[in-house]
Amino acid sequence: DNPHYCIGGTSGSGKSNFLHNFIMSACWRYSPKELEVYLLDFKMGTEFNIYAYAKLPHAKLISVSDNDPDYGVSVLDYIEKEIVNRSELFRKDPDCADYKSFRKRYPQSHFPRLLVIVDEFQVLLEGSGAMKRLLTLAKQGRSFGVHMIFATQTLKGLNFSEVGTQFRGRIAMHCDEMDSATILG
């Protein structure tokens, strides 16, 4: 029911452990044919670098080399184009209105869910056009099998309200009262 999640908490609160457990659980449960993972690490590559060296067959992209928000926006562009491609595919079959109905009708097709996980996502929002693309992906993602998990230490100074309503899954680790209220809505 919650296609996208926002996770917040101070340094040392357990966000990273949660993300690693989530990644491993999702990859354990779903095969690479059912799930593609896109990892964007805006903590200078310190969090997701383990996946860059260990073979994770689900990983379509692991970005750990820099904190370039425009590169992150290019990944959102790619995901947005994939939604357009899937939309065109769904229009060709009147019995396929969304991802679930397509998978039900064509269970043997290679048509994975796309899971985008961004650590310290506030860096991404500094990229040109990031908020617009993020809003589009958040609104349309579920119908096309795209899910996002965004983690941050704080939402202070961010105008996350417009897109935040699409992130109905909320987890607040240890954080101050103001961040907790913002994260939990």
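In what order do the six strands of the open sheet lie? The order is β3-β2-β4-β5-β1-β6, and the pairing is parallel. Strands (E, at least two residues) and helices (H or I, at least four residues) are DSSP runs, numbered from the N terminus, and two strands pair if DSSP finds at least two bridges between them. This is a predicted model, in which local features need pLDDT of at least 70 and side-chain atom pairs count only at pLDDT 80 or more, while totals for chains, interfaces and linings use all residues. Residues are numbered from 1 along each chain as its sequence is written, and side-chain values use heavy atoms, with hydrogens and water left out.

The axes are lines fitted to C-alpha atoms, for helices over the stretch in contact, and angles run from 0 to 180 degrees between N-to-C directions.

Next, select residues 4–8 and 146–152, strands β1 and β5, which run parallel and are joined by five bridges. Cys6 has Phe150 in β5 as its bridge partner.

**Helices on the sheet**

Show residues 69–91, helix α3. This helix packs on the sheet and touches β2 (35–41), β3, β4 (113–119) and β5; contact means heavy atoms within 4.5 Å. The direction of α3 makes about 160° with that of β2. Then select residues 130–140: helix α5 lies across β1 and β5, running at about 130° to β5.

**Salt bridges**

How many salt bridges does the structure hold? There are four, counting a side-chain nitrogen of Lys or Arg within 4 Å of a carboxyl oxygen of Asp or Glu.

Select Arg86 and Glu82, whose closest N and O atoms are 3.1 Å apart in a salt bridge. Both lie in helix α3, four residues apart, about one turn of the helix. Arg86 counts as buried because its relative accessibility is 2%; buried means under 20% relative accessible area, exposed over 50%, and partly exposed in between (1.4 Å probe, protein chains only).

Move to Asp93 and Arg105, a salt bridge with closest N and O atoms 2.6 Å apart. Asp93 is in the loop between α3 and α4 (99–105) and Arg105 in helix α4, so the pair ties together parts 12 residues apart in sequence. Asp93 is buried at 9% relative accessibility, whereas Arg105 is partly exposed at 44%.

Shared partners join Asp93, Asp95 and Arg105 into one network.
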